[in-house]
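Hello,

Here is the structure we talked about handing over. Please load it first, then read the notes below.

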Amino acid sequence: DIGNRKEVKDLEKEIDATQQEIGAIIIKLRDRQFSKEEIGRLKRERESLLNKLDFLYYQKEHFCSEGNFRSIILFDEIEKASGDLHNLLFGILDKAVCHLGNGMLTRFNNSIILMTANVGDKEIADLMKGKGIGFKSGAGNSGLDQKIYLAAKKAARDRFPAAFLGRLNRLSVFRPLSSETVKQIFEVELGRFQKETLVALKIILVIDDEVKDFIVGEAMDEREEGARLLKNKIDKYIREPLSRLINRGEIKKETASTLHLKLERDGKEKIGFYKVKNHPLLGGPS
């Protein structure tokens, strides 16, 4: 492992020490009690240390093979950032370096930078109406795929400077989730909820397929919300009613409970628990 080699570790120690020296000088420069001559000397010393730091990073790079990425950096929802951040990213994407305000130098040579954005989501959702596809394109959807890609690309050009987009290696477009994909996510979230909450409460939860379809349908009403809306629906239709049962004492700590969740149709579709069974625990907890 390159990161464990003695040369790399020694360089990292020297880099840390140099950064601390630069930081100490910056603190001194903020003290206006120094004379102009002393301030000039401190600035020259800082520049010398910055050059040294640059050289140390250069040496360290020689011990890292090309393409051996050591960091993954994610900028989520980049469209919400100010234009200043986009300008800052120019230097990172161009030269793989970033000079911080405190004089520190950060290098991104061995990093993969990922950025997400929701630009064009409404246009894509309009194109996707009535289409049962998710992230992957199916047979006969090549024309739709092209329209989706062009819509996302146009929205990105309207939002970001051309120079910024030109520095990106790849632009990937994700379509709204299909109902089948949302169902799979629902099963994952439900399994997590059972593991984190229901197991500790000794509750066995049985859910009708109609209930699952109803919750997924509620979450699919606003496709542009993605899977976020699904968590809200799980809270609304499962977690909150369950909390009310516990507060009313219908679920007792000294018993194991079986709950059945069904879809009722009495003029208005709604979800409700029924057949709440309490089973006395035998032999105490295992």
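**Aromatic groups and cores**

Phe-90, Phe-160 and Phe-164 make up one aromatic cluster. Bear in mind that the model is predicted.

Searching the whole structure turns up three aromatic pairs. One of them is Phe-90 with Phe-164, a tilted pair with 6.3 Å centre to centre and 45° between the planes. This pair links distant parts of the chain. Phe-90 is in helix α3 (residues 83–95) and Phe-164 in helix α6 (residues 162–165), 74 residues apart. Phe-164 is buried, at a relative accessible area of 2%. Phe-90 also has a charge over its ring: the charged end of Arg-167 sits there, 4.7 Å from the ring centre.

Next, Phe-214 and Tyr-237. Their ring centres are 5.5 Å apart and their planes are at 75°, so the pair counts as edge-to-face. Phe-214 lies in helix α8 (residues 209–219) and Tyr-237 in helix α9 (residues 228–247), so the pair ties together parts 23 residues apart in sequence. Both Phe-214 and Tyr-237 are buried.

Now the cores. The largest nonpolar core has 26 residues. Within it, Ile-215, Ile-238 and Ile-271 touch the most other members. Two or more residues each come from α7 (179–201), β5 (203–207), α8, α9 and β6 (255–265). Helix α9 gives the most, with six residues.

Ile-271 is worth a look in the viewer. Beyond its neighbours within four places in sequence, Ile-271 contacts Val-211, Phe-214, Ile-215, Tyr-237, Leu-261, Lys-262 and Leu-263. Another core, of 14 residues, lies apart from the largest one; Ile-26, Leu-42, Leu-49 and Leu-53 are among its members.

Best wishes

Methods: Residues numbered from 1 in each chain as written. Predicted model: local features only at pLDDT ≥ 70, side-chain atom pairs only at ≥ 80, totals over all residues. Heavy atoms only, no water. Phe/Tyr/Trp six-rings, centres within 6.5 Å; stacked < 30°, edge-to-face > 60°. Helix = DSSP H or I, 4+ residues; strand = E, 2+ residues; numbered from the N terminus. Buried < 20%, exposed > 50% of the residue type's maximum accessible area, 1.4 Å probe, protein only. Lys NZ or Arg CZ within 6 Å of the ring centre and 35° of its normal. Core = buried A, V, L, I, M, F, W, Y, C linked by side-chain atoms within 4.5 Å. Contact = heavy atoms within 4.5 Å.
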